[in-house]
Amino acid sequence: MKVSYHTLGCKLNFSETATIAAMLEKKGIERAAKGEIPDICVVNTCSVTGNADKKGRQLIRSLAKRYPEASIVVTGCYAQLKPEEVAALPGVTLVLGSNEKLRISQYFDALLHNTAVTVETTPSLEIREFMPSCERGDRTRYFLKVQDGCDYFCTYCTIPFARGRSRSGRIDDLVEMAREVAQRGGKEIVITGVNIGTFGKDTGEDFFSLIKALDKIEEIRRFRISSIEPNLLTDEIIHWIANESRAFMPHFHIPLQSGSDKVLRLMNRRYDTRLFASLIDKIHQNIPDCYIGVDIIAGARGETPEEWKKSLEFATSLDVAKFHAFPYSEREGTKALALGDEVPRDERYRRVSLLNELSDKKNREFIESNIGKTRKVLWERTSTGKLMHGLTDNYIRVEAEVRPGMVNQISEVRIDKIKDGSFDTGLATHI
């Protein structure tokens with residue numbers, strides 16, 4: 001049997017899809033090659049916004065139309081939050097919630113022999129088990145899931161309902177998984193989770209102890225922290241990465257969500273703009289060339305024109321490399337629906353457009369500040385033509401002349417200029 005995989009959403013979803021693929025491969029179910037017709041389509045969905053749900057529905061309908069004989073398996077956050085809605089979509093034969101996702105092989109008898117749609121989910125408050133994941137799929141970098149779920153209950157967010165409460169792996173087990181990556185020849189691991197700064201809350205361990213333990217695996221040359229809350233990125237972690245860490249890269253992704261203190265309070269975020277600005281300054285003082293990516297939401301309830309102006313001005317003031325801007329999305333069951341001051345949909349998207357323009361400007365400035373400098377690059381794959389691409393230690397995507405045998409190898413380059421027609425890719429010369 002042949003299976004195709006389709007992932008929407010975050011790096012954690014990608015990691016879990018890759019783990020599902022490894023599980024099914026052990027059962028003799030191979031990944032469909034390009035051009036092959038799959039017998040099974042696995043769709044790992046996102047539900048962070050209403051648009052994410054829409055993309056999930058569109059993808060499922062497209063697969064059902066393209067492969068009418070295939071069985072479609074849907075999992076992920078959309079499947080957890082709205083299983084009956086998903087089950088009613090064309091071609092869907094199996095719906096698995098968050099707790100069932102990484103037990104997919106247990107449900108294949110139902111998939112192959114039942115004519116009715118099978119729906120298996122666990123209520124989010126009953127999800128207690130941490131299920132590990134560490135794979136790379138068809139990429140060079142590996143994604144190590146260390147934590148799942150969230151206890152924060154921000155007023156706009158459905159993730160605690162989709163993923164359950166915060167729960168973690170144990171450091172010894174996660175270190176062993178990272179050692180297995182090293183044995184497979186992996187050079188870089190991205191640490192993923194829903195709220196990784198809360199790692200160890202349920203086990204008596206902590207995130208700082210985890211990253212120090214991982215750093216000791218000398219065969220792994222690079223680690224990255226995928227995303228961490230600003231109130232959980234401590235001075236201790238920043239100082240250690242700057243001065244003592246062997247392999248943690250100068251790269252942070254930190255959610256801001258709003259540059260207005262009033263809106264942050266309405267969102268039930270656990271910091272204010274003063275803390276956030278201080279954090280960014282602290283990072284640059286300790287790690288001058290650090291790449292900092294920031295999530296921000298436009299048009300949340302309570303973001304009046306005055307608060308939007310404050311948010312945009314604050315975002316403009318930040319010395320960061322990129323904004324990931326999202327329009328606020330009304331999510332059923334969230335407390336934000338009762339906050340009032342709704343921003344019209346068209347205005348939300350106008351604000352996102354302004355944030356994207358700001359992001360492009362900051363990204364270009366960040367790359368320009370690195371022109372002429374020498375950085376180490378992990379080459380990910382060879383592009384078509386005469387160029388290959390990879391990521392520098394501080395997360396700049398660069399292209400350079402193809403050299404055979406360089407995929408999954410680290411080498412030094414000099415960043416020469418920004419690629420014509422681009423704002424986020426540098427052209428580099430091999431050293």
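Q: How are helix 12 and helix 13 oriented to each other?
A: Two packed helices are described by the angle between their axes and the distance between the axes. Helix 12 and helix 13 (residues 345–368) pack with their axes 11 Å apart and at an angle of about 10°, where axes are lines fitted to C-alpha atoms, for helices over the stretch in contact, and angles run from 0 to 180 degrees between N-to-C directions. Angles under 35 degrees count as roughly parallel, over 145 as roughly antiparallel, 65 to 115 as roughly perpendicular and the rest as oblique. Helix 12 and helix 13 are therefore roughly parallel.

Q: On what kind of model do these values rest, and which atoms are left out of the side-chain values?
A: This is a predicted model, in which local features need pLDDT of at least 70 and side-chain atom pairs count only at pLDDT 80 or more, while totals for chains, interfaces and linings use all residues. Residues are numbered from 1 along each chain as its sequence is written, and side-chain values use heavy atoms, leaving out hydrogens and water.

Q: How many residues apart are F14 and F143?
A: F14 and F143 form an edge-to-face aromatic pair, 5.0 Å centre to centre with 70° between the planes. The pair links distant parts of the chain, with F14 in helix 1 (residues 11–26) and F143 in strand 8 (residues 142–145). Their separation is 129 residues.

Q: Are F276 and F314 buried or exposed?
A: F276 and F314 form an edge-to-face aromatic pair, 6.5 Å centre to centre and 65° between the planes. F276 in helix 11 (residues 273–286) and F314 in helix 12 (residues 305–317) are 38 residues apart. Buried means under 20% relative accessible area, exposed over 50%, partly exposed in between (1.4 Å probe, protein chains only). Both F276 and F314 are buried.

Q: Which charged residue sits over the ring of F208?
A: Ring pairs link F208, F223, W240 and F248 into a cluster. A charge sits over a ring if NZ of Lys or CZ of Arg is within 6 Å of the ring centre and within 35 degrees of the ring normal. At 4.4 Å from the ring centre of F208, the residue with its charged end over the ring is K212.

Q: Which side chain joins that of D53 in a polar contact of 2.7 Å?
A: D53 is in helix 2 (residues 50–66) and is buried, because its relative accessible area is 1%. A polar contact is a pair of N or O atoms within 3.5 Å; within protein, one must be able to donate a hydrogen and the other to accept it, and residues adjacent in sequence count only if both atoms are side-chain atoms. The side chain in question belongs to S47.

Methods: Phe/Tyr/Trp six-rings, centres within 6.5 Å; stacked < 30°, edge-to-face > 60°. Helix = DSSP H or I, 4+ residues; strand = E, 2+ residues; numbered from the N terminus.
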